[in-house]
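Here are some exercises to work through with the sequence and the model side by side. Try each task yourself before reading its solution.

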Amino acid sequence: MYRYSNGQISLADFKQPVGMNLKESNRWVKKARTILWPEIEKRYAALFTNRKGNVAKPLRLALGACIIQAEYGFSDEETAFMIQENPYLQYFCGYPGYDDEKLPFDPALMVYFRKRLTSEVLGEINEMIVRDAKERQVKEAE
């Protein structure tokens with residue numbers, strides 16, 4: 001079973017502890033803006049045909065964790081720890097605010113994320129991102 005998320009929040013709406021001030025120029029903030037989360041989420045939700053059982057983790061968290069793992073070469077466990085400890089990675093993964101109290105998911109779930117987000121699915125996502133970037137460049141040039 002899958003429940004849709006609330007979508008991308010602005011960095012200003014990301015709840016941060018007093019004294020923490022995340023920057024718009026951070027690469028993970030910029031990267032979050034380039035991904036068409038709602039469009040990808042529709043396709044991801046379609047993978048869940050069963051309406052019973054546990055609710056799946058949100059696409060932002062699943063895809064975000066896979067991207068982070070690929071970027072740094074982390075193990076499944078290390079990926080979960082890095083997301084727990086890093087507010088920029090939490091923002092990228094769709095958290096509403098910084099929360100370092102518990103792991104975002106059991107590291108064993110990374111196996112399921114990879115099964116659902118196959119190389120074909122990730123290829124489609126890359127194509128969507130590139131197509132959107134090209135369309136934005138054309139609009140900016142006009």
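**Exercise 1. Find how far apart the mean positions of the positive and negative charges are.**

Step one: pick the charges, with Lys and Arg as positive, Asp and Glu as negative, and His and the chain ends not counted. Step two: place each charge at NZ of Lys, CZ of Arg, CG of Asp or CD of Glu. Step three: take the mean position of the 21 positive charges and that of the 20 negative ones; they are 4 Å apart.

Before you go on, note that this is a predicted model, where local features need pLDDT of at least 70, side-chain atom pairs count only at pLDDT 80 or more, and totals for chains, interfaces and linings use all residues. Residues are numbered from 1 along each chain as its sequence is written, and side-chain values use heavy atoms, with hydrogens and water left out.

**Exercise 2. List the secondary structure elements of the protein.**

Helices (H or I, at least four residues) and strands (E, at least two) are DSSP runs, numbered from the N terminus. Count them up and you get 7 helices and 0 strands. Read from the N terminus, the order is α-α-α-α-α-α-α.

**Exercise 3. Check the radius of gyration against the globule rule.**

The radius is taken over C-alpha atoms, and the rule is 2.2 Å times the number of residues to the power 0.38. For 142 residues, a compact globule would come out near 14 Å; the protein has 16 Å, which agrees. Along the principal axes, its C-alpha atoms fill a box of roughly 50 × 40 × 30 Å.

**Exercise 4. Explore the largest nonpolar core.**

Such a core is a set of buried Ala, Val, Leu, Ile, Met, Phe, Trp, Tyr and Cys residues joined through side-chain atoms within 4.5 Å. Buried means under 20% relative accessible area, exposed over 50%, and partly exposed in between (1.4 Å probe, protein chains only). This core has 35 residues, and Phe92 and Phe105 touch the most other members. Helices H1 to H7 each supply at least two residues, with the largest share, 7 residues, coming from H3. In soluble globular proteins, nonpolar side chains tend to be buried together.

**Exercise 5. Is alanine 62 buried or exposed? And methionine 20?**

Start with alanine 62, which lies in helix H3. Its relative accessible area is 0%, so alanine 62 is buried. Contact means heavy atoms within 4.5 Å; leaving aside neighbours within four places in sequence, alanine 62 is in contact with Tyr44, Phe113 and Leu117.

Now take methionine 20, in the segment before H1. Its value is 27%, so methionine 20 is partly exposed. Beyond residues up to four places away in sequence, methionine 20 touches Pro87 and Tyr98. Methionine 20 and proline 87 are 67 residues apart along the chain, yet their C-alpha atoms are separated by 9.3 Å.
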